Amino acid sequence: QVQLVESGGGLVQAGGSLRLSCAASGRTFSGYAMGWFRQAPGKQREFVARITRTGGRSDYADSVKGRFTISKDNAWSTVYLQMNSLKPEDTAVYYCAALVAGKGYDYWGQGTQVTVSS
């Protein structure tokens, strides 16, 4: 079992920045690749970014590429999402998730709200 807790969401003006954190407890965090997802009101949850177990590779949804950066600190069992140049369309609840081999993203946090005003 892995428990994930997101933090760092809030209200920000367009063009601003936020850094989301996802703190993990339970099983060895370094053994998991991690992802960030988001869900806007009335929309399906969508992929935002992911990072490998070691943090050596990452990739992003086209909509956030060049603006968001995912990073992983295995020493602190935390994954981050640095979000710059925020747009109103980035408004959503953001979730982190741990990838379990053969099961997909099987552990999820409770989410943190990000609201970007125009």
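Start with the largest nonpolar core. Of its 31 residues, Leu4, Met34, Trp36, Val79, Leu81, Met83 and Tyr94 touch the most other members. By nonpolar core I mean a set of buried Ala, Val, Leu, Ile, Met, Phe, Trp, Tyr and Cys residues joined through side-chain atoms within 4.5 Å. Buried is under 20% relative accessible area, exposed over 50%, partly exposed in between, with a 1.4 Å probe and protein chains only. Two or more residues each come from β1 (2-7), β3 (18-26), β4 (33-39), β5 (46-51), β7 (68-73), β8 (78-83), β9 (92-100) and β11 (112-117). The largest share, 5 residues, is from β9. Strands here are DSSP runs of E, at least two residues, numbered from the N terminus.

A word on provenance. This is a predicted model: local features need pLDDT of at least 70, side-chain atom pairs count only at pLDDT 80 or more, and totals for chains, interfaces and linings use all residues. Residues are numbered from 1 along each chain as its sequence is written, and side-chain values use heavy atoms, with hydrogens and water left out.

Now the sheet. Four strands form an open, antiparallel sheet in the order β1-β3-β8-β7. Its edge strands, β1 and β7, each pair on one side only. Pairing takes at least two DSSP bridges between two strands. β1 and β3 are joined by 6 bridges. One example: Gln3 has Ser25 in β3 as its bridge partner.

Last, Thr112, in strand β11. Buried or exposed? Thr112 counts as buried, because its relative accessibility is 10%. A polar atom of its side chain lies 3.2 Å from the backbone nitrogen of Gly9.

Definitions and conventions: Polar contact = N/O pair within 3.5 Å; in protein donor to acceptor, adjacent residues only side chain to side chain.
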